[in-house]
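Visitor: I am new to this one and would like a short tour. Could you take me through it step by step?

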Amino acid sequence: KIHLHKQSNFAGEVANIQNAKSDPKKDRSALVAAAKSVLSAKLDREKGDSITDHDVFNAHARKYEREYMEDMRALNIRDPDVLTRV
């Protein structure tokens, strides 16, 4: 069962995928970008428990941590003295 808000997002994603597929001028990266959320959910279901390289998770966390710190600096908020990571 798909919740209503997810269903409307899914319809938009399908439309984006169809548009990317139908335009021969776009390369495969446009198609992959349009299908990213659908592909990531499928890959997570099929291969999620087999990931053993924790660098993937660390890189993901560091990316958002870096963006958060940049946002805080833009708001003139000082960097923390200590960072706690789990």
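Guide: Let us begin with one residue. Glutamate 46 counts as partly exposed, because its relative accessibility is 46%. Please keep in mind that this is a predicted model.

Visitor: Which side chain does glutamate 46 meet in a salt bridge?

Guide: Its partner is lysine 42, and the N to O distance is 2.3 Å.

Visitor: And where do lysine 42 and glutamate 46 lie?

Guide: Both belong to helix H3, which covers residues 36-47. They are 4 residues apart, about one turn of the helix.

Visitor: Is lysine 42 buried or partly exposed?

Guide: Lysine 42 counts as partly exposed, because its relative accessibility is 40%.

Visitor: Why can such side chains pair at all?

Guide: Side chains of opposite charge can pair when their charged atoms come close.

Visitor: How many salt bridges does the count come to?

Guide: The count comes to 3 salt bridges. One of them joins the side chains of arginine 85 and glutamate 65, at 2.5 Å from N to O.

Visitor: Which residue does arginine 73 meet in a salt bridge?

Guide: Arginine 73 meets aspartate 79, with 3.0 Å from N to O. Arginine 73 is partly exposed, at 44% relative accessibility. Aspartate 79 is partly exposed as well, with a relative accessible area of 37%.

Visitor: Changing topic: how many helices and strands does the chain have?

Guide: The secondary structure comes to 4 helices and 0 strands. Read from the N terminus, the order of elements is α-α-α-α.

Visitor: What share of the chain's residues is buried?

Guide: Of the 86 residues in the chain, 7% are buried.

Visitor: And what does the accessible surface come to?

Guide: The accessible surface of the chain is about 8,000 Å². Carbon and sulfur atoms account for 55% of that surface.

Key:
Residues are numbered from 1 along each chain as its sequence is written. This is a predicted model: local features need pLDDT of at least 70, side-chain atom pairs count only at pLDDT 80 or more; totals for chains, interfaces and linings use all residues. Side-chain values use heavy atoms; hydrogens and water are left out. Helices (H or I, at least four residues) and strands (E, at least two) are DSSP runs, numbered from the N terminus. Buried means under 20% relative accessible area, exposed over 50%, partly exposed in between (1.4 Å probe, protein chains only). Accessible areas come from the Shrake-Rupley method with a 1.4 Å probe; for residues, only the protein chains shown count as cover. A salt bridge is a side-chain nitrogen of Lys or Arg within 4 Å of a carboxyl oxygen of Asp or Glu.
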